[in-house]
Amino acid sequence: MLLICVGVGAGLLAGMFGIGGGALIVPALIFTLDHFHPGGHWTNHIAVASSLATIIGTSLSSSWVQNKNHNIEWSILKKMVLGCIIGTIGGSYITPYIPGVWLKWIFIVFLIYTGSKFIFKTDKVSKEQPSIPPSLNNSIYVLVGALIGVFAALVGVGGGVLVVPFLKKCGINMRKAIGTSAAFTLPVAVGGTIGYIIAGWNIKGLPEYSLGFVYLPAIFAIMLASIPMAKVGVQIAQRLSINKLIKFFGVFLLFIALKLIIS
């Protein structure tokens with residue numbers, strides 16, 4: 001029941017803001033696994049792996065509705081996903097060489113800066129010009145996709161909290177930025193899930209009904225609620241004004257920053 005409730009919250013966040021919901025799912029899974037003791041020494045690995053697996057279903061659900069509402073910039077998404085695949089693979093290799101605390105505080109500063117700008121700035125998408133020259137669009141989108149892929153692999157996020165501010169900076173409408181971000185989290189989640197399944201395949205002491213580090217009972221319980229609620233989240237976002245949507249997203253980013261600071 002606890003994980004179904006978590007799925008409700010994660011689904012709403014995914015649908016409204018184009019993120020995966022891992023910021024809510026991972027700590028909830030760690031708490032649940034610690035309380036019921038099925039994870040043992042591998043609790044954190046199971047929590048992250050299972051969170052990524054649930055993001056696959058949530059991302060598919062929200063992306064489906066976003067596409068029906070014509071909120072996905074497919075031309076941009078294809079370029080960014082190409083870079084994301086390269087970046088995710090590269091990030092998995094350099095993880096051991098970068099101090100985790102550096103990444104954590106870089107991410108916190110970024111979230112505070114971007115969240116504050118979103119809260120105190122109104123949307124003027126219709127009058128904005130893209131910040132990136134059209135002649136550089138192809139290479140820039142691939143490069144940024146790669147950097148976000150690296151960052152996602154290093155810190156275990158779906159990348160949505162980075163994709164939305166970037167697309168907004170490029171002059172993309174907020175609704176389309178969120179829709180494109182929702183679709184972007186899918187390859188990140190699929191790649192991460194496959195990696196954790198392979199990494200945990202021969203590990204002993206994992207809970208029963210695990211596929212590598214992915215704990216199947218947890219992901220089914222969460223997705224039972226997150227998949228339908230992601231569609232509800234998209235519809236809520238569609239009804240909000242652009243300015244309110246931007247401000248709510250800014251508050252969400254500051255919430256994540258606070259969570260990282262106190263964790």
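Residues are numbered from 1 along each chain as its sequence is written. Because the model is predicted, local features need pLDDT of at least 70 and side-chain atom pairs count only at pLDDT 80 or more, while totals for chains, interfaces and linings use all residues; side-chain values use heavy atoms, with hydrogens and water left out.

Six aromatic pairs turn up in a search of the whole structure (rings of Phe, Tyr and Trp, the last by its six-membered ring, pair if their centres lie within 6.5 Å; planes under 30 degrees apart are stacked, over 60 edge-to-face and the rest tilted). One of them joins Phe17 and Phe249: the ring centres are 5.6 Å apart and the planes stand at 65 degrees, so this pair is edge-to-face. Phe17 belongs to helix 1 (residues 2-17) and Phe249 to helix 10 (residues 242-262), and the two are 232 residues apart (helices, H or I of at least four residues, and strands, E of at least two, are DSSP runs numbered from the N terminus). Both Phe17 and Phe249 are buried (under 20% relative accessible area; exposed is over 50%, partly exposed in between, with a 1.4 Å probe and protein chains only). Together with Phe252, they form one aromatic cluster.

Tyr196 and Phe213 make another edge-to-face pair, at 6.3 Å centre to centre and 75 degrees between the planes. Tyr196 sits in helix 8 (residues 174-199) and Phe213 in the loop between strand 1 (210-211) and strand 2 (214-215), so the pair ties together parts 17 residues apart in sequence. Is Tyr196 buried or partly exposed? With a relative accessible area of 25%, Tyr196 is partly exposed, whereas Phe213, at 4%, is buried.

Helix 8 also meets helix 3, with residues including Leu52 and Ile56 of helix 3 and Ala182 and Tyr196 of helix 8 taking part (contact means heavy atoms within 4.5 Å).

Beyond its neighbours within four places in sequence, Phe184 touches residues including Leu77, Met80 and Ile148.
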